[in-house]
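I opened my notebook to get to know a new structure, one entry at a time. Come along and look with me.

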Amino acid sequence: MTGLVYKSTGSWYTVKTELGETYECRIKGKFRLKGIKSTNPIAVGDYVDFELETDNNQVSGVIHNIHDRTNYIVRKSVNLSKQTHIIASNIDQVFLMITINNPPTLTSFIDRFLVTSNAYSIKTILLFNKIDSYDEETLNEVKYLAHIYRTIGYECIGVSAKTGKNVDKVKALMHNKVSMFSGHSGVGKSTLVNTIEEDLNLKTKAISTLHSQGQHTTTFAEMFDLSFGGKIIDTPGIKGFGVVDMDKEEVGDYFPEIFKLKQDCKFNNCLHIQEPNCAVKNALDADEIAFSRYRSYLQIVEGEDEHYRTDSWEKE
């Protein structure tokens with residue numbers, strides 16, 4: 001039998017067949033994914049082949065094959081730096097949810113996420129949430145950040161789950177597609193998803209006032225069918241986003257504004273750091289590239305993973 005993985009709890013997987021039948025399945029033996037040391041060999045969004053077995057009158061499935069993925073989104077595992085965690089696979093688009101405060105989403109986090117989604121050819125749309133709660137100064141920050149990302153080609157939408165602002169716009173983009181929602185804990189993913197599809201009734205929790213961080217409400221990614229066509233993948237809140245296995249020379253290829261200029265650099269292998277006649281550094285000096293984006297690029301090239309949770313987006 002063949003089915004789609006809707007939920008993973010680490011050892012068991014909820015798999016739905018084309019006929020709409022749902023089975024709890026486990027893995028048979030070990031799966032080795034090509035070149036990927038992963039903490040989870042099977043992810044939400046995977047198509048798998050499985051066989052049914054009965055034990056004590058309980059029917060369950062045994063997965064023996066994973067179909068090739070069109071794409072997946074992966075990050076460094078929190079505790080094991082050499083291991084990776086596949087968040088989800090076979091995704092049409094990702095909505096990265098951003099809040100300016102309560103909790104703050106830093107550009108270093110946004111940029112790392114975009115580099116990874118770009119590397120795996122996954123369209124990413126930036127949702128600036130909670131705009132109903134911002135004062136004028138904070139709204140200006142939203143406009144500034146949206147301008148940075150729109151300039152390099154990303155769609156940016158200001159939304160409010162509370163007032164419903166632009167929820168219909170997001171809903172229209174999701175029609176008949178597999179959409180993943182991601183972001184820090186507390187940015188309002190579950191609240192927005194519940195506004196988009198009320199029957200889902202995902203759990204929501206308040207922000208922890210002590211650290212201005214959300215409390216985790218989702219432990220594992222989970223897929224849901226949408227009444228208006230398509231599917232949604234709700235993911236756990238991500239604190240940090242480590243970029244996986246990327247050569248220094250290729251990092252710039254996943255920053256669209258850097259990739260566009262690299263052919264104008266004096267050296268073919270220019271890393272845009274100390275080399276002379278660098279088109280990227282010239283553009284930075286002319287304010288044609290955002291300083292926050294260049295700093296994120298440097299951090300990834302130099303492997304400064306330990307700093308990506310704390311940097312602010314402002315020029316120092």
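Entry 1: I kept in mind that the model is a predicted one. What does D111 form a salt bridge with? Its partner is R293, and the closest N and O atoms are 2.9 Å apart.

**Entry 2: other salt bridges.** How many salt bridges does the count come to? I noted eight. One of them joins K262 to D253, with 2.9 Å between the closest N and O atoms. Here K262 is partly exposed at a relative accessible area of 33%, and D253 is partly exposed at 27%. I also looked up K231, which forms a salt bridge with D225, the closest N and O atoms being 3.8 Å apart. K231 counts as partly exposed at 22% relative accessibility, and D225 is partly exposed with a relative accessible area of 34%. K231 and D225 are linked with K16 in a network of salt bridges.

**Entry 3: strands.** I moved on to strand β2 (residues 13-17), which runs antiparallel to strand β3 (residues 22-27) and is joined to it by four bridges. T14 has E24 in β3 as its bridge partner. The hairpin of β2 and β3 has four residues between the strands, and G20 there takes a positive phi near 90 degrees. On checking β3 again, I saw that it pairs with strand β5 (residues 58-66) in the parallel sense, over three bridges. C25 has G61 in β5 as its bridge partner.

**Entry 4: a covered helix.** Is helix α4 (residues 189-196) mostly covered or mostly open? I found it mostly covered, with six of its eight residues buried. These are K189, S190, L192, V193, N194 and I196. They pack against several elements, among them β8 (93-98), β9 (123-128) and α3 (167-174).

**Entry 5: a surface patch.** Last, I looked at M1, L52 and V59, which make a nonpolar surface patch of about 260 Å². M1 lies in the segment before β1 (2-8), and it counts as partly exposed because its relative accessibility is 44%.

Technical notes
Residues are numbered from 1 along each chain as its sequence is written. This is a predicted model: local features need pLDDT of at least 70, side-chain atom pairs count only at pLDDT 80 or more; totals for chains, interfaces and linings use all residues. Side-chain values use heavy atoms; hydrogens and water are left out. Buried means under 20% relative accessible area, exposed over 50%, partly exposed in between (1.4 Å probe, protein chains only). Helices (H or I, at least four residues) and strands (E, at least two) are DSSP runs, numbered from the N terminus. Contact means heavy atoms within 4.5 Å. Two strands pair if DSSP finds at least two bridges between them. Patches are made of residues with over 30% relative accessible area and no salt bridge: like charges are joined within 9 Å, nonpolar side chains (Val, Leu, Ile, Met, Phe, Trp, Tyr) within 5 Å. Accessible areas come from the Shrake-Rupley method with a 1.4 Å probe; for residues, only the protein chains shown count as cover. A salt bridge is a side-chain nitrogen of Lys or Arg within 4 Å of a carboxyl oxygen of Asp or Glu.
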